[in-house]
Amino acid sequence: MYVPNSYQFPEEGYREFVAEQVGAHFVTHTEAGGLESTLLPIVWEKDRVLIHMAADNPQSQHLSDGDEALLIVQGPQAYVSPRWEAVRELTRPMVPTWNYLQVQLRGTIAVRNEEEFLLRAMGKLTNQEENKREDPWRVHELPIANVHAAMPRIVGVEVAVTSVEGKAKLSQNHSAENRRGQIAGLRERGRAQDLAIADAMEEALANAPTMAELSGLAGD
């Protein structure tokens with residue numbers, strides 16, 4: 001992933017972001033050298049990602065131990081109009097841009113179809129989401145016969161994570177005035193993803209280094 005220095009995603013925020021988004025595009029190779037992808041819910045546990053998918057999904061038939069996988073976790077994204085910029089910058093033409101948050105994980109696959117793994121993967125995912133509710137549902141509420149019957153219809157995948165990259169493209173290369181104008185424009189348009197990007201831009205702007213910090217003078 002191409003990540004200019006100004007668009008670095010804070011590493012300490014990777015896990016929270018992935019847990020919040022839940023879903024990831026699971027990208028793998030086919031035997032013929034092509035690519036396949038399925039949007040799947042995932043659980044990132046230490047240095048492993050736990051996945052379960054339908055056995056009827058053709059992608060599951062092309063998975064082998066040791067294969068490489070790419071997991072793309074896409075956050076909010078939004079088109080940003082140059083009309084929202086407050087100041088015309090002489091050194092940079094006024095053009096549209098696209099702001100977004102994304103984290104990518106790469107790793108190696110292990111196919112895990114043993115019932116213990118499948119129950120752990122499903123249980124952790126369910127608990128992760130149900131714990132956000134006042135009355136959480138648990139996998140053990142299913143009749144055991146139903147659980148056993150479901151196992152052959154599911155393929156378990158464990159991805160050993162080898163690298164993680166994140167990108168937070170939030171107009172950091174624009175002036176503070178123009179960023180505030182873009183935030184106002186996004187909030188006025190008011191779609192869910194616009195508001196999420198506006199929130200992320202506001203946070204990034206609030207945490208941006210001051211001119212004194214950039215010149216090494218802070219605290220002198």
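Trainee: What covers the buried residues of helix 1 in this predicted model?

Mentor: The cover includes strand 3 (43-45), strand 5 (68-80), strand 6 (97-111) and strand 7 (154-169). Contact here means heavy atoms within 4.5 Å.

Trainee: Which residues of helix 1 are buried?

Mentor: In helix 1 (residues 14-21), Tyr14, Phe17 and Val18 are buried. Buried requires under 20% relative accessible area.

Trainee: Why are the buried residues of helix 1 said to line one face?

Mentor: Viewed down the axis of helix 1, the buried residues fall within an arc of 95°, so they line one face of the helix.

Trainee: What does the face turned away from the buried side of helix 1 carry?

Mentor: That face carries Glu16 and Glu20, both exposed. Exposed requires over 50% relative accessible area. After helix 1 comes Val22, with a positive phi near 70°.

Trainee: Why are helix 4 and helix 5 called roughly antiparallel?

Mentor: Helix 4 (residues 176-189) and helix 5 (residues 192-206) pack at an angle of about 155°, with their axes 8 Å apart. Angles over 145 degrees count as roughly antiparallel. Helix 4 and helix 5 are therefore roughly antiparallel to each other. Their crossing is left-handed.

Trainee: Which residues of helix 4 and helix 5 meet?

Mentor: From helix 4, those in contact include Ala176, Ile183, Leu186 and Arg187. Among their counterparts in helix 5 are Leu195, Ala198, Glu202 and Leu205.

Trainee: How many residues of each class are in the contact of helix 4 with helix 5?

Mentor: The contact of helix 4 with helix 5 has 9 nonpolar, 1 polar and 7 charged residues.

Notes. Residues numbered from 1 in each chain as written. Predicted model: local features only at pLDDT ≥ 70, side-chain atom pairs only at ≥ 80, totals over all residues. Heavy atoms only, no water. Axes fitted to C-alpha atoms, helices over the stretch in contact; angles between N-to-C directions. Helix = DSSP H or I, 4+ residues; strand = E, 2+ residues; numbered from the N terminus. Parallel < 35°, antiparallel > 145°, perpendicular 65-115°, else oblique. Left-handed = near helix turned anticlockwise from the far one by under 90°. Nonpolar A, V, L, I, M, F, W, Y, C, P; charged D, E, K, R; others polar. Buried < 20%, exposed > 50% of the residue type's maximum accessible area, 1.4 Å probe, protein only. Arc of directions from axis to C-beta.
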